[in-house]
Amino acid sequence: PLRCCLLSGGESRRMGRDKALLSHPEGGSWLERTLRLLAQLDAPITLLSRHGAHLERSEALQAELKARGVALELIAEPPPWEGPLLALHRLMEHHPDEHLLLCPVDMPDLSLAALQALLAGAATGSPIRLQLAHDGERLQPLLGLYPSSAPIRAHLAAAVERGERRLQSWLVELPCQAVPLDPRAIRNVNRPGPSQLA
């Protein structure tokens, strides 16, 4: 089964303020807009965040999404907060044997078409192969489909246990398939500027 997992636990240091709570042109915050976008896939959603404000803001969405038949689970990420690899490990342990669609909160232009293209690429791939977004120049592994199968969970647990914290370093040891997506749709926004949507 598919489960959407939204990562919203970063510190937003380069942005200078909380990215997840920036206003989005489509209404609401980046956080709320991304949750509503993921809900269009009609799969359960898990939000993992260390920030109480993110969890509180998302509580208001739970009833709205439930009325649409989409379950939203909110998880307060416990310390230590050491980046997306550890967050992915926690998600895999919490949701074994599911296909986890990992998504970051700081892709404000992300589209339903891009998500559907990623899932379509996964439908033709191996059940143990990771499907990762590619913008034409580089992988964007924070947007990808990660099977939470026993072999992958064990491999990730071993990496975390030995101190690995870089997602890219872990990925080099795994079968991955790059899925080309519109680079504008998967633009990762880290710094304020003319391109910022706030």
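Visitor: What makes β2 and strand β3 count as a pair?
Guide: First, a heads-up: what you see is a predicted model. Five bridges join β2 to β3 (residues 72–76), and the two strands run parallel. At least two bridges are needed for a pair, so five bridges are enough and we call them paired. If you want one spot to look at, find I45, which stands opposite L72 in β3.

Visitor: What kind of crossover takes the chain from β2 to β3?
Guide: The chain goes from β2 through α2 to β3, which makes a β-α-β crossover, and this one is right-handed.

Visitor: Why is the pairing in the whole sheet called mixed?
Guide: The seven strands form an open sheet in the order β3-β2-β1-β4-β6-β5-β7, with mixed pairing. Now compare β4 and β6: four bridges join them, and they run antiparallel. For instance, L100 stands opposite Y146 in β6. Strands of a sheet can pair either way, through backbone hydrogen bonds.

Visitor: What makes a strand an edge strand, and which ones are they?
Guide: An edge strand pairs on one side only, and here those are β3 and β7 (176–180).

Visitor: What makes β2 "mostly covered"?
Guide: Five of its five residues are buried. I45, L47 and S49 point one way, T46 and L48 point the other way, and all are buried.

Visitor: Which residues have the most contacts inside the largest nonpolar core?
Guide: That core has 34 residues, and those with the most contacts inside it are L6, L38, I45, L101, L110, L115 and L143. Several elements each supply at least two residues of it, including β1 (2–7), α1, β2 (45–49) and β6 (139–147). Apart from it lies another core, of 23 residues, among them L48, L132, L156 and A159.

Visitor: What does L38 touch, leaving aside its neighbours in sequence?
Guide: Beyond four places in sequence, L38 is in contact with C4, L6, I45, L101, C103 and L115.

Visitor: C4 and C103 are both on that list. How many disulfides are there?
Guide: The count comes to zero. For C4, the nearest cysteine sulfur is that of C5, 7.5 Å away. For C103, the nearest is that of C4, at 8.0 Å.

Visitor: Are C4 and C103 buried or exposed?
Guide: C4 has a relative accessible area of 0%, and C103 also comes out at 0%. Buried means under 20%, so both count as buried.

Visitor: Why is Q140 called buried?
Guide: Q140 sits in strand β6 and its relative accessibility is 16%. The line is drawn at under 20%, so Q140 falls on the buried side. Leaving out residues up to four places away in sequence, Q140 touches M107, A133, H134, D135 and I186.

Visitor: Where is L143, and how far is L143 from L101?
Guide: L143 is in strand β6 too. L143 and L101 are 42 residues apart in sequence but 7.3 Å apart in space, C-alpha to C-alpha. L143 has a relative accessibility of 0%, so it counts as buried.

Key: Residues numbered from 1 in each chain as written. Predicted model: local features only at pLDDT ≥ 70, side-chain atom pairs only at ≥ 80, totals over all residues. Heavy atoms only, no water. Core = buried A, V, L, I, M, F, W, Y, C linked by side-chain atoms within 4.5 Å. Buried < 20%, exposed > 50% of the residue type's maximum accessible area, 1.4 Å probe, protein only. Contact = heavy atoms within 4.5 Å. Disulfide = S-S within 2.5 Å. Right-handed = clockwise from strand over helix to strand, strands pointing away.
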